[in-house]
Amino acid sequence: MQHPDRTQADMELFDLLSEFDALADPGQIPTLLAKLVRIYGLRSVAYLGVGLTDRLEAAPYLAVTYSSEWVEHYKAERFVDVDPVVQVGLRRMLPIDWAEFDRGSEKVRRLFGEASEFGLGRRGISLPVHGRHGDRALLSITSDAAERDWQQLRLAYSRDFQLLVLHMHQAILRLVGGWPIEHASLSPRERECLLWIAEGKTYWETAVILGLSEHTVRCYLESARHKLGAANTTHAVTKAGKASLLSQFP
């Protein structure tokens, strides 16, 4: 980040994560991406999601801060067929610096050269996500930082954006994805904890009722939230209720 105070930077990161977790409208996503550009001093941010739904014909989901001119030029030149950010990045498990891509192909060199001309930035990293349904995503960020600054910035960006892309992907999967909730995916304990929260009990009260520690209850609820693709515990209760998961007890 652009802030020398790490505590302040961590607070901003926490606020950003919370904003993605609370996201309720897909139309807000471009605004949040623009906010990332501003806070981190970037040139661009781009999110690409594939397999976000169980419909095989569903198109990839794209949210970018690129200019519309670059997007149209990229499509017209069919750069996606040779773009290593997409072709290599989506298969990776760890972040990749764009400097690592093979630029032996003339079209790949032209891709990066023209991207820079369109204002995408001279340097970039891409961070992949692999979901449990086979869904995948790639978050790419670019910068015009000088070479002497890039190594340190890249480490800071990788640290923060590995968290940000997970929360972003979860939010987008929740808002525009279409994977059905698997009824058998919640354990009996996870459903019990959700049930008592749905009845208005606190974490402590739920722990007393079930004979568990409050920490264990929180772990069960967090696990249920993740399985349901919910933004928070209240959202998890709502989704579980709609799927009739809270009545499935022996």
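Arg 78 counts as exposed, given its relative accessibility of 51%; the labels here run buried for under 20% relative accessible area, exposed for over 50%, and partly exposed in between, using a 1.4 Å probe and protein chains only. You'll find Arg 78 in the loop between α3 (68-76) and α4 (84-87). Helices (H or I, at least four residues) and strands (E, at least two) are DSSP runs, numbered from the N terminus. The backbone of Arg 78 deserves a look too: its phi is positive, near 55°, and the residue is not a glycine. Most residues other than glycine have a negative phi.

A word on what you're looking at: this is a predicted model, where local features need pLDDT of at least 70 and side-chain atom pairs count only at pLDDT 80 or more, while totals for chains, interfaces and linings use all residues. Residues are numbered from 1 along each chain as its sequence is written, and side-chain values use heavy atoms, with hydrogens and water left out.

Next, go to Leu 111 in helix α5 (residues 106-117). With a relative accessibility of 3%, Leu 111 is buried. Skipping neighbours within four places in sequence, Leu 111 is in contact (heavy atoms within 4.5 Å) with Trp 70, Tyr 74, Phe 79, Asp 83 and Pro 84. Asp 83 sits 28 residues away along the chain, yet the C-alpha atoms of Asp 83 and Leu 111 are 7.4 Å apart.

Asp 97, in strand β3 (residues 96-97), is another buried residue, at 8% relative accessibility. Beyond four places in sequence, the contacts of Asp 97 are Gly 124, Ile 125, Trp 150 and Arg 154.

Now for the charged pairs. Side chains of opposite charge can pair when their charged atoms come close. Taking a salt bridge as a side-chain nitrogen of Lys or Arg within 4 Å of a carboxyl oxygen of Asp or Glu, the count comes to 14. In helix α7, Glu 192 and Arg 189 are 3 residues apart, so about one helical turn separates them, and their closest N and O atoms are 3.0 Å apart in a salt bridge. Both are partly exposed, Glu 192 at 22% and Arg 189 at 29%. Glu 190 and Lys 227 also form a salt bridge, at 3.1 Å from N to O. That pair links distant parts of the chain, with Glu 190 in helix α7 and Lys 227 in helix α9, 37 residues apart. Here Glu 190 is buried at 4% relative accessibility, whereas Lys 227 is partly exposed at 26%. Elsewhere, salt bridges with shared partners join Arg 43, Arg 122 and Asp 144 into one network.

Finish at helix α10 (residues 233-242), whose buried residues are Thr 233, Ala 236, Val 237, Lys 239 and Ala 240. They pack against α7 (188-198), α8 (203-210) and α9 (214-228). At the start of α10, a side-chain oxygen of Asn 232 comes within 3.3 Å of the backbone nitrogen of Thr 234. After α10 comes Ser 244, with a positive phi near 60°.

Methods:
A polar contact is a pair of N or O atoms within 3.5 Å; within protein, one must be able to donate a hydrogen and the other to accept it, and residues adjacent in sequence count only if both atoms are side-chain atoms.
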